[in-house]
Amino acid sequence: MLEEEPAAAAGELTPHSGPSSLPHSAAFWCPRLAFLGGSGIMYQSPARSLCSALSTLCCAPCTTTSSSLLLLRSPVPVKRALSPPALLGSSSSASPRCGCCHQGASAGQCSAAVGPGVASSRAACSMGNSTSRLYSALAKTLNSSAASQHREYLEQSDSEQLDPIDPKDLLQECQAVLQKRPPRLQRDFVDLRADSTSTHRPIRVMQWNILAQALGEGKDNFVQCPMEALKWEERKCLILEEILAYQPDILCLQEVDHFFDTFQPLLRRLGYQCTFFPKPWSPCLDVEHNNGPDGCALFFLKDRFTLINSVNIRLTAMKLKTNQVAIAQTLRCSETGKLFCIAVTHLKARTGWERFRSAQGCDLLQNLKNITQGAEIPLIICGDFNAEPTEEVYKEFSNSSLNLNSAYKLLSADGQSEPPYTSWKIRPSGECRHTLDYIWYSQHALNVNSALGLLTEEQIGPNRLPSFNYPSDHLSLVCDFSFNQDPDRLL
């Protein structure tokens, strides 16, 4: 979202504000969770305590003890066949679980207390089997300001036993939901290998700003996109279908506001380890009936990688903490034994914030230099940078001592030009076509074996994105990487 982004969220810095102008309250709406004792009431809570609690409560990697499931990259049929939905409506194989007590319960049985002065006649977890830990955590956050009382959430590991699911079964269910929509748009991989010396399986990395549901329905003003196309029950299936079609080993997402009730419960049953880090002052919280804050999420297949280290980074600019975040994880490849770092980020949007983005980029690069010990550990950075290649932040990454290159430049004829667009939308101010999304990699240590081609203008259509065909205003980027056999040669 580079141009004409909606007004800044509550608590977010603007060009004419500083730290002293941050508001002392932020509106939050928790859908169908009636701990406020009334329908349609916006709760005014202290922004700093609520949002910092959200960031802390949500940043830990989510693990499961269920066995991993290998995603075989066989051709995925585009034809959508009818099958009865079973997996999409449930986040576990057990009975529906209450987000407040984490115990099996039938509808209407939960009556957890949520503090004095709150009506107890309503169930505190009326969302049924899609309720997550976030909501029970929020209920306690809103009734206590002592950080020490949140320790149980900070230290809690999700030991819930979940049965693995077959990606083909989940794909079938998605296709059943999407029967009345146009078929998925076809994209092909472009082979970029200079040689075929590597005997190891490539590492497939997917980068995607999936469009936060609250922003898509409530703020972004896609004037050519029918509201019907943005319905979450169908749009989430389009997102999942895209992920299942390309079967990444590592998945990096931005604008995730359905982590706990959709992506975490489903993807961990596919064998992924899941990490989420929300924005401190997410603009989603300004939208009525939102699903909580949006943020960055990182997923990797546990049977292919071992987590060595995980760092959640709140980016700074001009010595001020900002509303943008990143996740950086050091992984060990099970097949080769080699270490590498994967990072995901989402920089500040809107025209006029170029210097701010540049400062955020410098902060992220400094953090990554420390994590990778200079350039000793190979690095992959995925993100929506909200910056064209002409911006300073792009040049900082290109000229970094980390020796980074942008993978999608390799699709151009000269290998030096970015794609003409990664985002294409129509807003009230007009048509916006920009290159904003990138996959950066250590070019001395990693090779790009292939990259997924972009949708053509004809495929995107005159109404642009999002649409009934495609769920986001940003295109997904997918690359296959392999380790360079002689990494020091090009450093």
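The model is predicted, so local features need pLDDT of at least 70 and side-chain atom pairs count only at pLDDT 80 or more, while totals for chains, interfaces and linings use all residues. Residues are numbered from 1 along each chain as its sequence is written, and side-chain values use heavy atoms, without hydrogens or water.

By the distance rule, the model has zero disulfides. Cysteine 252 is buried at 0% relative accessible area (buried means under 20%, with a 1.4 Å probe and protein chains only). Cysteine 237 is buried as well, at 0%.

An open sheet has six strands in the order β8-β9-β10-β11-β15-β12, with mixed pairing. Strands are DSSP runs of E of at least two residues, and helices are runs of H or I of at least four, numbered from the N terminus; two strands pair if DSSP finds at least two bridges between them. β8 (305-317) and β12 (404-406) are the edges: each has a single partner strand, so one side of each lacks a neighbour in the sheet. Neighbouring strands are turned by 20° against each other on average, direction ignored.

Strands β9 (residues 320-333) and β10 (residues 339-346) run antiparallel and are joined by seven bridges. Threonine 330 has cysteine 341 in β10 as its bridge partner.

Technical notes. Disulfide = S-S within 2.5 Å. Buried < 20%, exposed > 50% of the residue type's maximum accessible area, 1.4 Å probe, protein only. Axes fitted to C-alpha atoms, helices over the stretch in contact; angles between N-to-C directions.
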